[in-house]
Every structure is written in C-alpha cells, then in structure tokens.
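The following paragraphs walk through one structure, starting with its sheet and moving on to its cores and charged pairs. Keep the sequence and the 3D view open while reading.

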Amino acid sequence: MPLTSDVIIDYSRFNPDNASEDSKNYSAFLEKVTTEQSKWWDVGPARFREMMANGEIGGLKPAQLPEAHDINIPSREEGRDIPVRVYKPMNGQPSKGILMHVHGGGYALGSHDTMDGLLKFYADTCQLTAMSVGYRLAPEHPWPAGREDCIDVAEHLVDHGVAEHGAPLLFLAGESAGANLSVVTALHLVRSRPDHALRGLVLPYGNYSIALGLPSMVSFDRPVLINHESIQRFMDAYTPGWDNVQRRNPLLSPLFEDLRALAASTPTGKLLPALFLCGTNDPGLDDTVLTGLKWQASGSEAIVKIFPGAPHVFNVGDLDVAKEAFGYETEFLLGKM
C-alpha cells in the first residue's frame, strides 16, 4: 500500500488555471477601482466611510431595506449602547434562531446598517433572525473596543435572546475582519458561557493573524481591493504601536489560540462547527487554510471551501462564485439547525 498523507488538499481548487471568467473579470475590476480611488488613510477613515455609504467607491451604494430595523443592546460601559441592525424572516413563521453578523472593513471601515441585503438572505433563506453589530471602529477606537462590543452583544443574546427576540443565539457570521471578530467572540463564549451551545460559524475570507507574517499576506502586492500595504495600514490603526509579537496575542489573532486545549475544555470536547471560505486571489488565503486545519486538528468540524481565482469580497451580486458560496452557507446553516 502506498504511503498516504494525513492531510489531503484538492489542488484543483488552488489551481489558478481553474479560475472562472467571472472571477478574473471581477478581480480586474477591483484592481482598477482600487488603483484609481483615494486611499482611506489619505482622506481619513471618517470621510472614507461617508464615501462608501454614498456609493462613491466603485459605484456601489449599499441599500437599506424597509423591513430592517434598529435596536440598541447595552454595553459593559454604563450609559453606552451598541447599535444593532435586525432583519426577521418575512414569511410570518417563527424564527428558528438568531444569527449574529459582524461586518468587515479592516476594523476601521464598514457599517452594520449597510448589510441589509445579506441579513435578508440569512433571514429568508434560513428562517433566522439576522442581526449585524455596530461595533466601534479604529483608529478612533482601537483594540479591544470592537472585540468588546461584539462580545457584549453576543453575551446579551445568549442571556436574553429568547426572552427579547423569541429565539436563541445559534450562529455567528462575519467576513474579513468580521470573521476574526466572530471567531474571537465565539471562543470567548466557550469560556464565559460554556453551557450555551452555538451551532456554527460562517467565515468568508477571514483575517486570523493580526501579525501579518503569513506568506500569502507578505507576498500579495497587487491592489485587488486590498494588499499587504493596505492591510498593514488597517492593523496599525487597530493596534497602534504594537509589534508583531504583541499582535500574536490569541485574543486578537485566533490563529495562535490553543484550539485543542479550548476544545477539550468544552462539554462535548469540540469547538462549534465552522465553515471557512476564501478565494486564491486573496492575501488572506493562508489565514483561512491554516486556521481551518487547526480547527480540524482540535477534533472539531471545519469545512474549508476554496474558490479558484476569487479575490477578497467575492460574495457579491450575481458572480458565479458568490452563488456557489451562498449555496454552501445555506447548506451549512440549514444542516446545523
């Protein structure tokens, strides 16, 4: 019998020759827009957020849907609430659970009230009450502000979700920086709410190491929405004055968390199931592959889906990779309820 590997990779999913025309064209579009547009660190984060909200970046203006509404959830600081955007299933049937979403944007950009389309997808496709967290952003509010806000909302939903919203917190989901915050929040809940069993994590193109030392990150120079330079700017805003040793703190870089020990501490001996998704034309590819592998090595379920040639933020519009990714997310979420 030939010697076989204990770790199996489907190379066809990493082969750039298998990139679809959709992915190639979208990457070219993103590179053109990124090259031509102002840089957020030049115009300032507050102004750049306004530009994003107004559709001045790539002509993409996020839609706000009338079915969504806003609530406030108390923070750990007396007198300060955290804004949360809510979208409930529209078919009149009871919600099966709460999905807490954390938006991306490099810990410095983006907003919870621009995610209505995604919240609608989770709500109407999976019969979930979908909520997006308006966590505080860097550089005005560096780490741990965003992390604390996400934890405060998650703990509140664990403790009061059924009473206030008619359903328990079941899932966390987030893309890019939001995937990081979703993971660190979920791992915190393992420690602070060990008896609450979350059903899963949905993690498109996540960032799991703030230290930025992984090969796919260091070598990615093309400005396809993001590259090593722009991500370094985000991390400097999020953790100002920190060196890379400090940035390996597992409370903000979950790649460095002792996942096996944490899994062993749970009532089931496993972490919650996680769905990792990433394209190969993304500087965070190694983040996804390595964190997914570590998750599996803890004895926990991790599904890692790779998209040939897809860039960062590929799950938009009618792109073929977006449809494929949302199909995986739907299958994962419905299968865990």
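Eight strands form an open sheet with mixed pairing, in the order β1-β2-β4-β3-β5-β6-β7-β8. Its edge strands, β1 (69–74) and β8 (302–311), each pair on one side only. From one strand to the next the twist averages 25°. Strands and helices here are DSSP runs numbered from the N terminus (strands E, at least two residues; helices H or I, at least four), and two strands pair if DSSP finds at least two bridges between them. This is a predicted model, in which local features need pLDDT of at least 70 and side-chain atom pairs count only at pLDDT 80 or more, while totals for chains, interfaces and linings use all residues. Residues are numbered from 1 along each chain as its sequence is written, and side-chain values use heavy atoms, with hydrogens and water left out.

Strands β6 (residues 200–204) and β7 (residues 274–281) run parallel and are joined by four bridges; Pro-204 has Leu-277 as its bridge partner in β7. Helix α10 (residues 285–297) packs on the sheet and touches β6, β7 and β8, its direction making about 150° with that of β7. Such angles run from 0 to 180 degrees between N-to-C directions, the axes being lines fitted to C-alpha atoms, for helices over the stretch in contact; contact means heavy atoms within 4.5 Å. Seven bridges pair β7 with β8 in the parallel sense, and Phe-276 stands opposite Val-304 in β8.

The largest nonpolar core has 63 residues, and Met-100, Leu-169, Leu-201 and Trp-295 have the most contacts inside it. Helix α6 (residues 177–192) gives the most to this core, with nine residues. A nonpolar core is a set of buried Ala, Val, Leu, Ile, Met, Phe, Trp, Tyr and Cys residues joined through side-chain atoms within 4.5 Å. Buried means under 20% relative accessible area, exposed over 50%, and partly exposed in between (1.4 Å probe, protein chains only).

What about the charged pairs? A salt bridge is a side-chain nitrogen of Lys or Arg within 4 Å of a carboxyl oxygen of Asp or Glu, and the count comes to 22 salt bridges. In one of them, the side chains of Arg-80 and Asp-149 meet at 2.9 Å, N to O. Arg-80 lies in the loop between β1 and β2 and Asp-149 in helix α5 (residues 145–165), so this pair ties together parts 69 residues apart in sequence. Both Arg-80 and Asp-149 are buried.
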